[in-house]
Structure formats: structure tokens, C-alpha cells
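Let's go through this one together, a question at a time. Have a look at the model first.

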Amino acid sequence: MTTQPFVSLKGIGKRWNGKLGVEDVSLDIPEGAFVALLGPSGCGKSTTLRLLAGLEIPDEGKIVIDGRDVTTSAASDRNLSMVFQSYALFPHLSVAENVMFGLKVRRVPRAERLEKLKRALEITGLTGLEDRKPGELSGGQRQRVALARAIVAGQRLCLMDEPLSNLDAKLRNAVRKDIKKLQRDLGITVVYVTHDQTEAMSMADIVVLMKDGRIQQIGSPQELYSAPVNTFVAEFVGAPPMALIKGHALTGFDDDTTIGLRAENIRLEKPGKGRLVCTVTECEFLGAETFIGLAHDHATGLTLKAPGMALHPSGHTVEISFADGDLHVFDSGGKRVARAT
Amino acid sequence: MSNPHANLERRRQAIYGWLLLSPAALLLSVFAFYPSLATLWSSTFSRGNRRNPSEYIGLENYADLFADPTFWLVVRNNLFYAGVTIPVSIFIALSMALWANSKIPARGFVRTAYFTPTVLPMIAAANLWLFFYTPGLGVLDQIGALFGLPSVNWLGQPETALWAIIIVTIWKEAGFFMIFYLAALQTIPEDLKEAADIEGASRWTYTRRIVLPLLMPTTLFIMVNAMINSVKLIDHLFILTKGGPSDASKLILYYIWEMAFAFFDAPHAAAMTMLVLLVLGIVAAIQFFFIDRRTHYQ
């Protein structure tokens, strides 16, 4: 193992007419990693991907792929493949022609081309659909053609721009697993853009959470979940997101701090013994557990996770408590405060 | 089977359909179908005069046409005219569209400039070119004189007259066709270009393998239009050459007009009109049924 990262972005900035695209984005990606660029729309995650792909050229900073400075190289010189949100399949070409397009352009001999095509179609489960046109395929099949086109050339870096956003929820789950398995089997490095935190948390080794063109936190899904660096990360990651309570609502905390609390760390308490008195707003029964939404004047997003069926009438007053060790403390600027214990 | 509600519903749908169709059907019948049939009818009669009233003569008018050397000359002229103007104007239109669609400065100006010839009335454009072509005074001759070239009477000699007409047509049609290509180019999603870029396709490969096939429906449409236009051309000829010299630039429609209104030979003109309709119908059918199959529609 070399210590040098496979892909490296250093201080990347890109602006359009003074409008912010991305600012000071630095990111190191080891080979074989699955990296998710996560964030709300307009946060610069797609721009970062397009800069990496060479579809845009950064105003400042440096991009290194596999030890080569590619900051201003053309997309075709970067030895990567890409899956587009719209799939970008060529509508007049058959599945086979679509998949082999890049091989043909790169003048790969015919026998080798067909061999690679066969393998790519097998991996993506498209065998038998070679002669269909994209218009004759279902959404999921089109998505797999886009995947096949991305892996057929055997590039070591694959970029994916919200590849699942056009699929229905059930298919999305299945394809999510397929993509993850594909990435692991082929040992390729994937940079994956998504606005869906479930997708990012379930697939990625490294999650990069962005907001307003800047990186908020880089870390494993577990790190983002259990140690969010600021209130934005806390509220973005996890379903339900972390509840935020103003410091003065609890005893023993400074007034200008914000306290974060996960749903699974909250428990119901008998009247008179709880640390907060709240009102039930809604109950969401999910089978194995029930999420009970709670309202409190000085808190947002308070949710209680109760096992099994545990419905409470709305408007009902309940008391909750929690252990001090489960609390996340953020300062007045929203930054995480490291705690002694 | 004989569900009364279903029958009623179907009948209502049918009446609704016919009502929607009737305005177009009426207009087409009065101004297209009936005149065509009337033309077919009159093409089978002889030309009447005071001594010999018009009588039914079957296909004799057609036989006369086939025996007429001027008819064949006009057909040859028209084929040559179509054979040059259609491919050349399509090629120029496509090149201009690809260029005007890319990110160039003053894109709006370029587009407008290319479209200007189409906006000009035919007669005005023809007069403009008449001035260009005039021997001695004309722009072409003046430019030629700068390089010491002799004066050429472009419209007045059989060798160049048809070419002069062809150039005017290309100048006028290329901009018009470009608009169709521009519209079609804008329907091609940007990310196809990006996908091709990432696969390492050059600009030329992208154009040849992706853009041109996706433009095929437009090309087909333009070809049919250009084909019809090539037979419809008449106004330029009135201004520029009147079909001369010695019929060198005479095209089919002008010949029909001449026959009907200069020689007052309506039956022969009718017969020739029928032949034109027949040929145009066959060409359109071939274009739509054969090329259509190899064309991708989005």
C-alpha cells in the first residue's frame, strides 16, 4: 500500500459570474473506496463531480488522479467512466452499441470488444437485450445499460451522478445493493453523488457532506452519525435526523449552546421524573418500531423511537429523559464542542 | 357485443371525429382534391377551338408530351437543378446549424444573418441577384474586373444560366433549412455530448455517430420539402431568365405556366401537371416508407 491517495482534490474553487459553485474543496480518496458526495440540492456536489470528470475546469486548485495532475486535462484523458443522472444513453443505438461506443472510439479490436461486451452484460444482467434500443427498455434496464457502459472499459475510477434518482423506491433498493456489489467485485473506486442520506450512509465507505459549495464533514458513515461536526451535519444525517434542543431548556448547560439528541437515546418517563415535558404531535408506525414526534418550545425535530406498536394520541403530554453521555453539544456557532467524558 | 351504451359512445366518438376533421377536409376538397381531379379530367381532352370543339382523346396529350423534345429538356434541367440544390443546400444548412449552435460570440447575429435570405420576398431576392449578375455593372463582374477577368453574361448564356439559378436557390434555401436543423439540434440533450466526451469521442466522431443519426428525421423532412420546392420554383425564372436562353434554364413549372398562359394550351399543361403530381407522390412515398424505416424518431 502506498500512502499516496488515488484521487486527490486540493483547494478546488469554481465560480460562475461571481456566483458560488464550490469553494476550497479538498478531498483525498484511496483506491478502491466508495465515496459519496452528499448534500442538499445546490450544495456543489454535482459541480465537484463534474470538475473531477473534466466536464468543467476549476478556477483554482489542483486535481490529481492516479499520481497524474489532470487539473486542465480533457475528460477523455482522465481514464474514468461516468454514469449520468439521465443515463445519457444514445437513443438511436442498440444496447450493445451503446455499451461498446467507447471501445469503438478507442479502436479496441472487434474480438476483444465483443468479449468485454459479453462480460459487462453478464455482470449487469442484460444478456439477451443486446439489440434493444433504449426506448424499448424499462427505467431499471436503462440504468443497468448506463452501468454496463461505465464498467465495460475497465476504468479504475467511476463517477456516478445520482444514478438512482429516476427509479422507483423498490428498484432503488435493489440497484443500490447491485452497485455496491459491483464496486466491491471489480475493486474500482467510485465517487457517487446523491442527495439521499440513506443511500450515502448505506453504500459509502467515506461520506463527504457538502453545503453551499463547501465541505462540512468527511468521514465514515458511522463518524458522521455519531460525531457530527456541526448542527447542519447533525440535522442532515440519520433518519429521523438529530433533535436540537436549546441549552437553556436543560439544566447544566450554557444558554447559547445547542444540544443534539438522537431518537434512539430518548426514553419515556413517568410523570414528574422526566427532564423535558413535551406534547405528542404525530405517531408513525413502521412495523418493528414507532416514531413518536414530539413538540417542545425550545427544541426542533424531537422524535422518540419506541419498539413495536406504541401509539399515543396527539396533544397528549409526555415526559422524556436521556443520559448525559448521549448528548452532542454544539457551541453558539453550531460547531461541535469536544467533551471531556 | 351489442351493448347499447358502448354503441352510443362509439357513435358519439365518430361524430366528434368527423366534426373535427371537416374544416380541413372541406378546404382540401375545394382547393386541392377537386382541382386535381378536374386537371386529370381536362388532361384527357383535346384543345378546343372554334372549328374543332374539345373532345375526349384519352392519353394522347401525354403521348404528345413524351414526343416533345422541350419537355425532356425541361425534365433534365429540373433533375439537374434538384440534384445540385438539394444536397448542397442541405450540406450548407447543416454546417451553418452546427456552427451557429456552438458557443460562438454574437450567436444571435449569426443566426439572423443566415436567415435573412429566407425572409426576403422571392421577387426582391431575384432582383437583387439580377443586379449581381448583370454584365458590366453587376457586382460579380466588378469584382472580376479587379482581377482582370473578362465580363461574363451569367444569365445570358446557356452554359451558365442554370447554374446562376441554382446558386440563387441555394443562397435562399440554406438559411431556411438551417432553422430546422437548429431546432433539432436543441432537442439533443447536452449530456450525450458529455457522455461521448468521457468515452473519448472526438468532435467529429460525436457528430458522425450521434448528431447526424439523431438529425435524420429533420434531414428527411427537409429533403421532401426541397424536392417539392425544386419543382415549385418559378418566381426566380420570371425575373432572372424567363427560362432562356434557348430553354437552358427552363424548369417544369415555368414550362407548364408557359404552356397554359402563353400558348393557351390548357390540356397539355394539365397533362404535365398530372405527371408532376404523380412523380412527386412517388418520391414522397419512397422517402417516407423506405428512409423512414432506417430513421430513429425520439
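Q: How many bridges join strand β12 of chain A to β19(A)?
A: Keep in mind that this is a predicted model. β12 covers residues 258–261 of chain A and runs antiparallel to β19(A). One of the bridges pairs A:T258 with A:F330 of β19(A). The number of bridges joining β12(A) to β19(A) is three.

Q: Which strands of the open sheet in chain A stand at the edges?
A: The sheet has four strands with antiparallel pairing, in the order β16-β11-β12-β19. Each edge strand has a single partner strand, so one side of it is left without a neighbour in the sheet. That picks out β16 (299–300) and β19 (328–330) of chain A.

Q: Which helix gives the largest share of the side of chain B that touches chain A?
A: The contact takes 16 residues from chain B, and 16 from chain A as well. On the chain B side, α8 (190–198) and α9 (203–232) each supply at least two residues. The largest share is six residues, and they come from α8(B).

Q: What class of residue has eight members on the side of chain B that touches chain A?
A: Sort that side of chain B by class and you get four polar and four charged residues. The class with eight residues there is nonpolar.

How values were computed
Residues numbered from 1 in each chain as written. Chains lettered and ligands numbered in written order. Predicted model: local features only at pLDDT ≥ 70, side-chain atom pairs only at ≥ 80, totals over all residues. Contact = placed C-beta atoms within 7 Å. Nonpolar A, V, L, I, M, F, W, Y, C, P; charged D, E, K, R; others polar. Pairing = 2+ DSSP bridges.
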